[in-house]
Amino acid sequence: MKITFSKDKKPVIDNDLLLIIATPKNTEKIKKELGNALVSELEKSNFKLSASKHFSFSTFDKKLRAREIIIYGWPTKFQDDFLALEEFAKIGALIQSAANQRRHKKISVISLSEECKPQESIAISRLLDGINDQAFNFEQYKNKKEPSFEIKEIAILGVKQKASFNISKKKTINNSANLARSLTLTPANDCTPKFMAETAKQIARENGLKCEIFDAKALKKIGANLILAVGGSSDVNPPYLVKLTYEPPKKSSSELKTIALVGKGITFDTGGLCVKPDSAMLAMKNDMAGSAIVLATIAALAKLKPNIRACAYLALAENAISPSSMKPGDVYKSLSGKTVEIIHTDAEGRLVLADALALAVKDKAGTIIDVATLTGAAGVALGDEYTPIYSDNSDLIREIVKLGQNNGERYWRMPLAPEYKKALQSKIADLRHHNMDRLAGSITAALFLKEFVEGVDWAHLDIAYTAKVDPIKGTSRAIAVRTLIDYCLSKEAQ
């Protein structure tokens, strides 16, 4: 896709679609732009401009040089900047939907509202995100495919100041978001721990990343017994731990601290012996979303080549039911050396993460960010719009929150209060891995993870509900991919 900017307010090329952004007070401007013939068409249709609503009609008016016109109502007031940016994502989705229906290749966008500035980089970024997300289709398993129509060019009209946008960088980031989506939607009979490990190996080979794969034998050798406790339940699909390393292109980078991205990769979660109800089972192929997200992030970094050092750790296992499944009351020694008493086998994600986090600490990571579909309690606390974020580092939280807002993601800081730690006290081991009464479940899960990152800046993102994977509709949000990429890129100048 090509992005161009023009001072002209009328399309300078023959367009398939002209999208006009305006507020109700811009009605006279709209009439001036459209001309008398089209204004009469609007009046016949009882056109009334409303916030976040649109009106579309076909035209063969050669002066406007567009086959279709969409007028989009820009809200006169927003509760916050996040919602204003999200309006551009909505517009992008609308453009792609129109392109799918009418086969539009060339689009022009003009704002008649002083408050709406589509030429700004952050606005274009969200508009393109909206286009990309609307265009995404997961059709690998369909014989008859219906791919989205590809838009070739978007022109931003009426730009008074010089503007530019790195479309190549944006395409790389959005392709990575789509990679995470596709992996998360792949059914568990194909997306096994081995499949994820082999996919990571292939991505590493194609992008010049170093790839280390720990199979069950290697996991036992390094003492990753928590991953083995979970993954040992499946003889057919044994566990893996994958480490991907991105090295910066500049040689004078020996002092750079490593950014470690750790992802939960439970390729299917039955709940183990504490089996899930059938109503909760269908979506459990998405329990590896965290590993897909960190894999997609480091794949993007390899293409963008920032002067940073980063590692991605994929903790991969299947939580199955078998004679070798871990049992409530079992005790295992973790990679960190701490012993853990198992309370509930459906709280397996924190176990595989604990060993992966401990390895990142052992590898001397400077900052660790983990991403996991970890707890139902995250949804009880914040629903599916805000992702709970945990960290003792206020600066790290502020960075992630800000970058998330720029990418259509909202994060909310949750407490890591020591008063909750009593829920993890065990009489027979160093830690319980789950609280007995289930109160403050997302918080106690985060406090458990914190036990394995002592002395390192760390943040935990509990995406259990904000991942928004719908196996029926075939949709996945790819939460955190864009935010994590931007976070890593932001460290290049420091």
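Modeller: Before we start on this predicted model, one convention: Ala, Val, Leu, Ile, Met, Phe, Trp, Tyr, Cys and Pro count as nonpolar, Asp, Glu, Lys and Arg as charged, and the others, Gly among them, as polar.

Colleague: Fine. How do the residues lining the largest pocket divide under that scheme?

Modeller: Into 20 nonpolar, 11 polar and 10 charged. Tyr465, one of the residues closest to the centre, goes into the nonpolar group, because Tyr is on that list.

Colleague: How much space lies in the largest pocket, and which residues are closest to its centre?

Modeller: About 1000 Å³. The lining runs to 41 residues, and the ones closest to the centre are Lys276, Thr375, Gly376, Ala377 and Tyr465. To count as lining, a residue needs an atom within 4 Å of a pocket point.

Colleague: Which elements supply at least two residues each to that lining?

Modeller: Strand E9 (258-269) and the helices H10 (349-362), H11 (376-382) and H13 (441-450). H11 has the largest share, with 4 residues.

Colleague: And the second largest pocket: how do its lining residues divide?

Modeller: There you get 17 charged residues, with 8 nonpolar and 8 polar. The volume is about 810 Å³. Its lining has 33 residues, and Asp133, Gln134, Arg181, Ser476 and Arg477 are nearest the centre. Helix H3 (81-102) and helix H4 (121-135) each give two or more residues to this lining, with H3 giving the most, 7 residues.

Colleague: On to helix H9. What span is expected for H9, and what does the model give?

Modeller: H9 covers residues 289-304, 16 residues in total. The expected span takes 1.5 Å times one less than the number of residues, which gives 22 Å, and the model also reaches 22 Å from first C-alpha to last.

Colleague: What makes you call H9 largely enclosed?

Modeller: Burial means a relative accessible area under 20%. In H9, 14 of the 16 residues are buried, so the rest of the structure largely encloses this helix.

Colleague: Why is Lys305 called partly exposed?

Modeller: Its relative accessible area is 48%. Buried needs under 20% and exposed needs over 50%, so a value in between is partly exposed.

Colleague: And Ala480: buried or exposed?

Modeller: Buried: its relative accessibility is 0%, and the cut-off is under 20%. Ala480 has a positive phi too, near 80°, and its place is in the loop between strand E17 (457-462) and helix H14 (481-490).

Colleague: How many residues of E2 are buried?

Modeller: 8 of the 8, so E2 is largely enclosed by the rest of the structure.

Colleague: Last one: why is Leu112 called buried?

Modeller: Its relative accessible area is 5%, and buried means under 20%. Leu112 is in the loop between E5 and H4. From Leu112 to His344 there are 232 residues in sequence and 58 Å in space, C-alpha to C-alpha.

Definitions and conventions: Residues numbered from 1 in each chain as written. Predicted model: local features only at pLDDT ≥ 70, side-chain atom pairs only at ≥ 80, totals over all residues. Heavy atoms only, no water. 1 Å grid on protein atoms, 1.4 Å probe; cavity = no way out; pocket = protein on both sides within 12 Å on 5 of 7 lines; lining within 4 Å. Points joined across faces, edges and corners; volume = space filled by probe spheres on them. Buried < 20%, exposed > 50% of the residue type's maximum accessible area, 1.4 Å probe, protein only.
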